Amino acid sequence: MKICHLEPLAKLGMIMKEKLEELYKEFESQVSLLKNQADVLNLKAEYLGKKGSITETLKFLKKATVEEKKVIGPMANSIKEKVQKQVNQKLVEIEKKEIDQKLEKNKLDISFRDSLKESVLLHGGLHPVTLIQQEIEDIFLSMGFEVLDGPHIEDEFHNFEALNIPGDHPARDMQDTFWFHDKETPEGKRHLLRTHTSTIQVRGMSTRKPPFRFIAPGKVFRCERTDASHEMVFHQLEGMMVGKDISVSNLIYFMKTLLREIFRKDVEVRLRPGFFPFVEPGFELDMKCLICNGKGCSVCKQTGWVEVLPCGMIHPNVLKAGNIDPEEHNGFAFGLGLDRLVMMRYGIEDIRHLHSGDLRFTSQFKSY
Ligand code: DAH
C-alpha cells in the first residue's frame with residue numbers, strides 16, 4: 001500500500017495506519033491456520049464485524065483531519081477488501097477439501113472392478129466340473145477339434161440303435177436307463193435321459209463331411225446305486241475323429257496329450273481291451289490312481305487304477321448310421337468321465353461331494 005505521497009500524517013493518522021497494517025498481518029497469519037468454514041466466519045467477525053478490531057480502529061477516523069482521512073480512508077477500504085477476499089478464498093478452499101474427502105470416502109468404481117471382485121467371492125464361481133470341462137475344451141480346440149452340444153432327453157435311436165446296440169442287445173443292461181413313459185413316435189422311437197454322450201456321435205457325423213474332429217461334453221444320467229464312485233447324474237466328454245487311414249496310434253497320441261495337459265505331468269496309463277458295441281477294437285485306458293498313488297482306495301476300488309478313457313476305433317455300423325462309407329473313412333472315438341478326472345485332479349475321495357451343493361466344498365475352487 002503506497003500512501004507516502006500525502007505525508008506527513010499527523011500523529012493519529014500514523015497510529016491508525018500502523019494499527020491497520022498490524023491487524024491485517026495478524027489476520028493473515030491466523031486465517032491460514034483455519035480448517036473449517038465456521039472458524040473462518042468467526043475470524044472475519046473478529047476483524048470486520050460490528051465490534052471487530054478493524055471496525056473499532058476505523059471509528060477513530062472521525063477524529064482525523066481531512067488530509068488524514070484522504071489517506072487512511074482508501075487504505076482502510078483496501079485492507080477490508082483484502083480481508084474479505086482472503087475469507088472468500090479460504091471458504092472455497094475448505095469447501096473443495098471437504099468435497100474431495102467426501103468423494104474419496106464414497107468413491108464409486110464405475111468400472112465395477114472392485115465391487116465385482118467382492119460379488120464373485122460372495123456369490124460363488126464355477127463348479128470344478130465346469131472348470132475342468134472348459135480346460136479340456138481349450139486343449140481340444142487348440143488341436144483343431146470342434147465343440148458340440150446335444151439334448152439331455154434323447155431318443156432310443158441316438159442313444160442305442162445308431163451305436164450298434166439294438167433293442168435285444170445285452171449291452172443295454174450295462175447302462176441302467178431312465179426311460180420316459182411316452183408312446184413310441186411314428187418312427188418307433190422311445191425317449192430317455194441320455195446315458196452317455198456317445199449320442200452325439202451320429203448327430204455329429206451325419207451333419208458334417210470327413211475329415212472332421214469334435215468333442216461333446218455334457219451331463220449324462222443313469223439309475224445307479226450311489227456310492228463313493230457312482231452318481232446318478234454325472235458328466236462325460238465324448239470325442240471323435242474321422243478321416244482317412246486313422247490308426248490306434250493317433251488315438252493314443254491324443255489321449256496321452258490330453259492327460260498330460262490336464263495333470264501337467266506324464267501320467268502313468270495302461271491300455272487293455274474293452275467291449276463297447278460302437279467301437280472295434282475297443283479299449284479301456286486307465287490311469288494310475290492319484291488319490292492313493294496306486295496303493296488302492298475306495299475310488300479305484302482297491303486296484304490302484306482308475307478307468308478314465310474308454311475308447312476305440314469306430315465300428316463300421318456306426319459310421320454307416322452317420323452316413324459315412326466305412327470303406328473310405330475310419331476314425332476313433334473316446335468317452336471321458338469328467339467327474340473322475342476332477343476327483344483325481346483335486347484329490348476328492350467321494351463323487352457325492354460334487355453334487356452336494358455344499359458351499360464349504362464348492363467355494364474351494366478357483367472361480368474366475
Ligand atoms: N459311451 C461309453 C459309456 O458311457 C463310453 C465310451 C466308450 C465312449 C468307448 C466312446 C468309446 O466313444 O469309444 O460307457
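Modeller: **The ligand and its surroundings**

The ligand is surrounded by 16 residues, and the closest are His-196, Ser-198, Arg-222, Gln-236 and Glu-238; a residue is near the ligand if one of its heavy atoms lies within 4 Å of it. Please keep in mind that this is a predicted model, where local features need pLDDT of at least 70, side-chain atom pairs count only at pLDDT 80 or more, and totals for chains, interfaces and linings use all residues. Residues are numbered from 1 along each chain as its sequence is written, and side-chain values use heavy atoms, with hydrogens and water left out.

By type, the shell around the ligand holds 7 nonpolar, 7 polar and 2 charged residues. Here Ala, Val, Leu, Ile, Met, Phe, Trp, Tyr, Cys and Pro count as nonpolar, Asp, Glu, Lys and Arg as charged, and the others, Gly among them, as polar.

Now for the polar contacts, meaning pairs of N or O atoms within 3.5 Å. Arg-222 places a polar side-chain atom 2.8 Å from an oxygen atom of the ligand. From the side chain of Gln-201, an N or O atom is 3.3 Å from a ligand oxygen. Ala-333 takes part through its backbone, with an N or O atom 3.1 Å from an oxygen atom of the ligand. Taken alone the ligand exposes 350 Å², and the protein buries 94% of that (areas by the Shrake-Rupley method with a 1.4 Å probe).

Which elements give two or more residues to the shell around the ligand? They are strand E5 (233–243), strand E8 (305–314) and strand E9 (330–337). Strands (E, at least two residues) and helices (H or I, at least four) are DSSP runs, numbered from the N terminus.

The peptide bond from Pro-210 to Pro-211 is cis, with omega near 0°, and Pro-211 sits in the loop between helix H8 (199–206) and strand E4 (212–221). Another cis peptide bond joins Glu-280 and Pro-281, with omega about -5°; Pro-281 belongs to strand E7 (residues 279–288). Asn-293, in the loop between E7 and E8, has a positive phi near 60°.

Definitions and conventions. Polar contact = N/O pair within 3.5 Å; in protein donor to acceptor, adjacent residues only side chain to side chain.
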